[in-house]
Amino acid sequence: MKIRTGDIYRIEMPKYEWLNQFAHGRILNITFGKYLDYASSKLLLKNNVNEIWNMDLLDNQEYVSVRKLNAGKITYELKKKKEIELLKFDIIIAFNILSIIDNIDKILKLISQHLEVNGYTVISIVNNDNLSNHPTDLITKDINLFTINDFENKLKLLFNDVSFFSQGTVTMNEKRKENISAIIRNKIKDFLLGSNDRFKFYTKYMKPLHKPISKINRNTENKITKRYEVIPFKNGSKPMFTIARCKK
């Protein structure tokens, strides 16, 4: 799944900030990589969360990490994965992993088995919309795409009180602007690459500016549009991500 690490922080941290409103007790955070283990744990441990177990599906080791707050400081320890089999959790988080893994039903069953009665699981997926031209590179050939109906049907087999939220809703106006910008950029690039002299000028003076300018533009756009804010799901909306909150 091709996502820049900078995008991971901007996209995922708003999910944890939103979840922090109702997070409590013991949490299991199932991830695909350890990018935000510390940052998300630090955020969630500020409120009513006692401990956070982070299980990375990419890690083949027999251990998982556990973070707790002790006298105002975050403590860290490793536990054997087998210990999870004996535990129940108040909250289980699974952000975007269903969009990547092959054994979707197995993970959903694991979540259901280890969730406390009246506990919540929060699961997000990449939405099944045509976002292939979006600058976050969300859609790749190896990603699992769901419609919200397919997602809901899977969840209702195991959980109750399923409610949906959106993150990163892209309006038609925003898509139109992005398409126009892409057309203009491509025409400029075709012009610059049309001759050897222009190509040399592009390579020497313009190409090195692309990354810093793009970064500034993305940061500015994110602040203005609140692109990654989590909001209640509305019929007809086309979010980048669909988030489900389910009660056991």
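Mentor: Tyr63, Tyr76 and Leu78 form a nonpolar patch on the surface, and together they have about 330 Å² of accessible area. Such areas come from the Shrake-Rupley method with a 1.4 Å probe, and for residues only the protein chains shown count as cover. Patches are made of residues with over 30% relative accessible area and no salt bridge; like charges are joined within 9 Å, and nonpolar side chains (Val, Leu, Ile, Met, Phe, Trp, Tyr) within 5 Å. A salt bridge is a side-chain nitrogen of Lys or Arg within 4 Å of a carboxyl oxygen of Asp or Glu.

The model is predicted: local features need pLDDT of at least 70 and side-chain atom pairs count only at pLDDT 80 or more, while totals for chains, interfaces and linings use all residues. Residues are numbered from 1 along each chain as its sequence is written, and side-chain values use heavy atoms, with hydrogens and water left out.

Helices (H or I, at least four residues) and strands (E, at least two) are DSSP runs, numbered from the N terminus. Tyr63 has a relative accessible area of 36% and is therefore partly exposed. On this scale, buried means under 20% relative accessible area, exposed means over 50%, and partly exposed lies in between (1.4 Å probe, protein chains only).

From the patch we may turn to the salt bridges. The structure holds nine of them. In one, the side chains of Glu51 and Arg26 meet at 3.0 Å, N to O. Glu51 lies in strand β2 (residues 48-56) and Arg26 in strand β1, so the pair ties together parts that are 25 residues apart in sequence. Glu51 is buried, because its relative accessible area is 12%, whereas Arg26 is partly exposed at 26%.

Another bridge joins Asp105 and Lys154, whose closest N and O atoms are 3.0 Å apart. This pair links distant parts of the chain, with Asp105 in helix α3 (residues 104-113) and Lys154 in helix α4 (residues 148-156), 49 residues apart. Asp105 is exposed, with a relative accessible area of 51%; Lys154 is partly exposed, at 26%. Salt bridges with shared partners also join Arg26, Glu51, Lys68, Glu77 and Lys79 into one network.

Glu12 leads on to a pocket. The second largest pocket has a volume of about 430 Å³. Of the 21 residues that line it, the closest to its centre are Ile8, Glu12, Phe32, Tyr35 and Ile100. The elements that give two or more residues to this lining are α1 (5-19), β1 (24-31) and β5 (89-95), and α1 gives the most, with five residues. By class, the lining has 13 nonpolar, four polar and four charged residues.

These pocket terms rest on a 1 Å grid over the protein atoms alone: a cavity is a set of points where a 1.4 Å probe fits but cannot get out, and a pocket is an open set with protein on both sides within 12 Å along at least five of seven lines; lining residues have an atom within 4 Å of a point. Grid points are joined across faces, edges and corners, and a volume is the space filled by probe spheres set on the points. Ala, Val, Leu, Ile, Met, Phe, Trp, Tyr, Cys and Pro count as nonpolar, Asp, Glu, Lys and Arg as charged, and the others, Gly among them, as polar.

Strand β5 also contains Phe95, which is buried, with a relative accessible area of 9%. The C-alpha atoms of Phe95 and Ser124 are 4.8 Å apart, although 29 residues separate them along the chain. Tyr228 sits in the loop between α7 (210-225) and β8 (230-232) and counts as buried at 8% relative accessibility. Its C-alpha atom is 9.2 Å from that of Phe241, 13 residues away along the chain.

Asn118, in strand β6 (residues 115-126), has a phi near 70°, a positive value in a residue other than glycine. Asp161, in strand β7 (residues 160-169), has a positive phi near 50°, and it is exposed, with a relative accessible area of 56%.
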